[in-house]
Amino acid sequence: MVSFQRLRGKPKGKAVGGSGGRGGDVILRADPSMATLLTYKRNPHHKAGAGSHGQGDLRSGRQGDDLTLLVPLGTIVRDADGVVIADLVEPEQVVTVLDGGRGGRGNAALVSRMHRAPNFCEQGEFGKAAWFEFELKLLADAALVGFPNAGKSTLISRVSAARPKIADYPFTTLEPNLGVVSVAGREFVFADIPGLIEGAADGKGLGHEFLRHVERARALVILLDPSPLQAESLSRQHDVLVDELARHSPELAQRPRVVAVNKADLLDVEPEVAALASRLDEPVYAVSAATGAGMEPLLHAVADAVDLAVRRAPQREGFVLHRPIQAGFQIHREDGIWIIEGRAAERAVGLDDLTKPDAADYAADRLARIGVDDALREAGARPGDEVRIGDLVFEFQEGP
Ligand SMILES: Nc1nc2c(ncn2[C@@H]2O[C@H](COP(=O)(O)OP(=O)(O)OP(=O)(O)O)[C@@H](O)[C@H]2O)c(=O)[nH]1
Ligand SMILES: [Mg+2]
């Protein structure tokens, strides 16, 4: 605001125009109460509050309200160029994706020795708008790894409240399903994910999708299928699954894991289970997702594997990339015009009306002060060359 208080004996008056309020920030916060990103799919547009204008009598404008958007734990945020700017995995982790524009200073704040009664004020910065992509990566404690049709979905529906689709054809499950399992007072989040086939690490089947989901699980359950319809033996299924995990990432193959054989109700799996257990030198759990047989020992083993994983790596790593706000300015030449970009330079010329001679003087002073004149000269600008800052185009002139 440009405003003057008329005072007796002071013909010009005293500058009392208040500054504008800054605009609100757009903030993302990881919140355990959010389970999905569906709300953003339905409703992708969001806006923080605008700052209000400054007023006379030195009254500043109000700040715009920040907008905090809740996202589920495990949300990865990318900017429009696909650069990952945050990976929000811990409750209350936040990232400011857009900061509100600063309000313009009123003429009271622009009083200086040179301009005792400025008849101009600054423009507020324009608010920023941008698209961001959210991707939710599963944050399960344990994930079921198995060939298609092994009975992963059946198992999770037996031990939790999750109700995924179950069918006797491969690739029934296309998206992960999470269920909370509680066994004798121990709780963990179990994930049913799409089936894995040989070559998954090279992208076969739902390979990459699958492995992407597994990455976020602390522990793994290798679920083997003894049914005659399954072409591979239990032992070979085990080796193929572990091999695909290792080829995707050696670290994935190091996660604590539990081996189980499903469909024990169908046929006598004991001999093969015993043989596998002795070859691997670790317990192999025979279970039936259909009847629930053998489930409790398996779930305790999974809870133990999760505990072990937590002890090994208590914190899941997340990060927020802090992008430095570009200070200063940069110069480059395009089609013979010198182009100056950067907050400081744009702010220097962001005055309400540059046709006012005082305002133009002020802007010129400020550009010189932040070094734009020197930088232009150094870059080889000649008097008369065109210079552009934002929407403003002017001629370069040698200073005194
Ligand atoms: N007899 C028997 N059949 C089972 C058992 N578990 C699953 N099945 C059957 O096996 C078939 C596949 O089960 P799903 O749970 O859909 O298998 P999945 O591993 O989730 O399969 P994808 O999602 O395609 O990877 C279904 O017809 C189930 O009824 C079990 O313990 N015993
Ligand atoms: Mg399934």
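Two bridges link strand β6 (residues 84-88) to β15, and the two strands run antiparallel. One facing pair is alanine 86 with valine 320, the latter in β15. All of this comes from a predicted model.

The β6-β15 pairing belongs to an open sheet of four strands. Its order is β8-β5-β6-β15, and the pairing is antiparallel. Which strands stand at the edges? They are β8 (133-136) and β15 (319-320). Each has a single partner strand, so one side of each is left without a neighbour in the sheet. Strands of a sheet pair through backbone hydrogen bonds, in either the parallel or the antiparallel sense.

Now step back to the whole chain. The secondary structure of the protein chain comes to ten helices and 19 strands. Its radius of gyration is 32 Å, while the globule rule gives 21 Å for 400 residues. The chain's value is well over that figure, so the chain is more spread out than a compact globule. The C-alpha trace spans about 105 × 45 × 35 Å along its principal axes. Of the 400 residues, 35% count as buried. Take the contacts in the chain with a separation of 6 or more: residues 24 or more positions apart account for 65% of them.

The division into domains comes next. Domain 1 is made of two segments, 1-137 + 316-323. Domain 2 covers 142-312, and domain 3 covers 325-400. The centres of domain 2 and domain 3, taken over C-alpha atoms, are separated by 64 Å.

Phenylalanine 4 is found in strand β1 (residues 4-7). Leaving aside neighbours within four places in sequence, phenylalanine 4 is in contact with Gly13, Lys14, Ala15, Val16 and Ala117.

Glycine 13 lies in strand β2 (residues 10-15). It is exposed, with 12 other C-beta atoms within 10 Å. Beyond its neighbours within four places in sequence, glycine 13 is in contact with Phe4, Gln5, Arg6, Leu7 and Ala117. How far apart are the C-alpha atoms of glycine 13 and valine 261? They are separated by 88 Å, and the two residues are 248 residues apart along the chain.

Follow the chain to the loop between α1 (38-42) and β4 (67-71), the place of aspartate 57. Leucine 58 is in the loop between α1 and β4 as well. Most residues other than glycine have a negative phi. Aspartate 57 has a positive phi, near 55 degrees. Leucine 58 also has a positive phi, of about 65 degrees, although it is not a glycine. Their surroundings can be given too. Aspartate 57 is exposed, with 11 other C-beta atoms within 10 Å. Leucine 58 has 18 C-beta neighbours inside 10 Å and counts as partly exposed.

Ligand 1 comes next. How many residues surround ligand 1? The number is 24, and the closest are Gly151, Ser153, Asp168, Thr173 and Gly195. Helix α2 (residues 152-159) gives the most to this shell, with three residues. By class, the shell has ten nonpolar, ten polar and four charged residues.

Two hairpins complete the tour. Strand β10 (residues 177-183) and strand β11 (residues 186-192) pair in the antiparallel sense over seven bridges. In this pairing, serine 182 stands opposite glutamate 187 in β11. The hairpin has two residues between its strands. Alanine 184, in the turn, has a positive phi of about 45 degrees.

Isoleucine 389 stands opposite leucine 392 in β19. Two residues lie between the strands of this hairpin too. Here glycine 390 takes a positive phi near 60 degrees.

Note on methods: Residues are numbered from 1 along each chain as its sequence is written. Chains are lettered from A and ligands numbered from 1 in the order in which they are written. This is a predicted model: local features need pLDDT of at least 70, side-chain atom pairs count only at pLDDT 80 or more; totals for chains, interfaces and linings use all residues. A residue is near a molecule or strand if its C-beta atom, placed from the backbone, lies within 6 Å of it. Ala, Val, Leu, Ile, Met, Phe, Trp, Tyr, Cys and Pro count as nonpolar, Asp, Glu, Lys and Arg as charged, and the others, Gly among them, as polar. Two strands pair if DSSP finds at least two bridges between them. The radius of gyration is taken over C-alpha atoms; the globule rule is 2.2 Å times the number of residues to the power 0.38. A residue is buried if 20 or more other C-beta atoms lie within 10 Å of its own, exposed if 12 or fewer, and partly exposed in between; C-beta atoms are placed from the backbone. Two residues are in contact if their C-beta atoms, placed from the backbone, lie within 7 Å. Domain bounds come from an automatic or database domain assignment.
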